[in-house]
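Take the sequence and the 3D view together, and follow the chain slowly as you read.

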Amino acid sequence: MAAGGDMSDLKTELTGFTGTTLQPGDAGYDEARAVFNGLIDRKPALIARCTSAADVAAAVRFGRAEGLEISVYGGGHSVTGAAVCDQGLCIDLRGLKATSVDPAARLLRAGGGLTWGELDAATQEHGLAVTGGRVPTTGVGGLSLGSGSGWLERAFGFTCDNLVEVEVVTAAGEIVTASETENADLFWALRGGGGNFGIVTTFTLRLHPLGPIVYGGMLVYPGLRGAEVLKAYRDFTASAPDEVGSGLAFITAPHEEFVPEPARGHPAIGIICCYTGDPADGPAAYQALIDLGPAMAMVQPMPYVAVQQLIEPANPKGRLNYWTADFYSALPDEACDTLAAQATRPVSPYTQIIVVPGGGALSRVPDASMAFGSRDAAFNIHYLSMWEDPAETARNTDYTRDLAGSMKPWSTGTAYLNFLGDEGRGRVEASFGPEKFARLQQIKAVWDPDNLFHVNQNIPPAPTLPLQR
Ligand SMILES: Cc1cc2nc3c(=O)[nH]c(=O)nc-3n(C[C@H](O)[C@H](O)[C@H](O)COP(=O)(O)OP(=O)(O)OC[C@H]3O[C@@H](n4cnc5c(N)ncnc54)[C@H](O)[C@@H]3O)c2cc1C
């Protein structure tokens, strides 16, 4: 049966598949196809809910044979909605949750459909952690393959820097292993190249001693002090030791009890702190930010998993989202003034303009060692606009584009793909640079010559095939 034909008996045609399937009209179908970004409303012809690598392989072979467009659902958090496709086959990994920790070897084997909340819970039982998403509902899959930025990155590197081995279902429907010693080209591409090269069913990650208690929390300053606080933060992070994890966000103070009444609904600047050294040394490490005189200082020893949950309430599934992102080699005073002036006047109270500092361990990984680059960027800015009323979509997207546009003079020209919307191949190519992009295209031509996995930040295969498996 070909794509576009009668889809009614698709589920009976999935041979060798032991998971469950959903089609339009089935109970649970609409819930299963929903993604984080409420702007996305795609209706796959079939959702194949896999429970094993063998299921994933069966689904890939089936989708290929039927000529169906294929999307892969990890945690469903990509702002482009890459987890789902219209009329095609959605390979749903959310049943792949197997997790095992080897505390002695400090290694984690994690199923390809795990979320960061689940992963953190499993590793913190052993006082271990790896850099991961800042919101627990985010998928380990998409985040790690796009490199993976988190509070721990200045101490432990990006998530992909800690990737030791992966089990992958290829576009041919085979199950293979990739590591630095086995299928090394594929492994190089998977560390930053996103979902282009295969479906990862198991991630093996290196863990680090951390927690369960860390020094962390949030400092909040009034929006009126935007430029001053941003400049002070820039200077603070420039010389901060690796243990100082943090991020600064221009936000709107929520209407919550913990916020003083006069501040609610007004622009604010939040700095999240997560110290990876001895919690007793935390207050001294962040003293310069405390000396700035925040309106609220909610920093103290707390469970690492609580730090990981700090911004979850501000990021519920289903709101409308438009994102863009850029790396910056520096933020001179003029850049800080430009950003603060607009970021403290958001058109939606849910919008967050997030400034993430580089440096530390992530900057010491050799650029050539994997697909992900931009190691020398001083800052990564994530322009994350979020709103509820569809009538406000144009206003919000215009605001976000204009703000990011006004910061272009200081951008390196590369973007962090995990934070990027649908901005076309040019942006993807620029983010890797011409040499890495050409190598990625060659590796794609070996492992996915027909671009079966194209519902992603796509890297099309090179037209010729210079490499061999
Ligand atoms: C609330 C929120 C917070 C975030 N915080 C961070 C953060 O702190 N750091 C950061 O780096 N990013 C962050 N992101 C961005 C996030 O990393 C990307 O959106 C990422 O793509 C999400 O992965 P996912 O598996 O949840 O999404 P999905 O939409 O399911 O997948 C994203 C892409 O990856 C592919 N994919 C997913 N799993 C696999 C797999 N196992 N094998 C092969 N391909 C796969 C999909 O096909 C798709 O192309 C955040 C996003 C949200 C919405």
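A residue is called near a molecule or strand if one of its heavy atoms lies within 4 Å of it. This is a predicted model, in which local features need pLDDT of at least 70 and side-chain atom pairs count only at pLDDT 80 or more, while totals for chains, interfaces and linings use all residues. Residues are numbered from 1 along each chain as its sequence is written, and side-chain values use heavy atoms, with hydrogens and water left out.

Around the ligand there are 34 residues, and those that come nearest are Gly 74, Gly 76, Ser 78, Ser 149 and Tyr 416. Some contacts here are polar, a term for a pair of N or O atoms within 3.5 Å (within protein, one must be able to donate a hydrogen and the other to accept it, and residues adjacent in sequence count only if both atoms are side-chain atoms). A polar backbone atom of His 77 lies 3.1 Å from an oxygen atom of the ligand, and for Arg 134 the distance from a polar backbone atom to a ligand oxygen is 3.0 Å. A nitrogen atom of the ligand, in turn, is 2.9 Å from a polar backbone atom of Val 200. Taken alone, the ligand exposes 940 Å², of which the protein buries 95%; such accessible areas come from the Shrake-Rupley method with a 1.4 Å probe, and for residues only the protein chains shown count as cover.

Helices (H or I, at least four residues) and strands (E, at least two) are DSSP runs, numbered from the N terminus. Strand β12, residues 213-222, is mostly covered, since eight of its 10 residues are buried, where buried means under 20% relative accessible area, exposed over 50%, and partly exposed in between (1.4 Å probe, protein chains only). Two strands pair if DSSP finds at least two bridges between them. β12 pairs in the antiparallel sense with β15, residues 296-303, over eight bridges, and there Gly 217 has Val 299 as its bridge partner.

Which residues of helix α13 are buried? In this helix, residues 425-432, they are Arg 427, Val 428, Ser 431 and Phe 432. These residues cover an arc of only 130 degrees around the axis (taken from the directions from the helix axis to the C-beta atoms), which puts them on the same side of α13. After α13 comes Gly 433, whose phi is positive, near 85 degrees.
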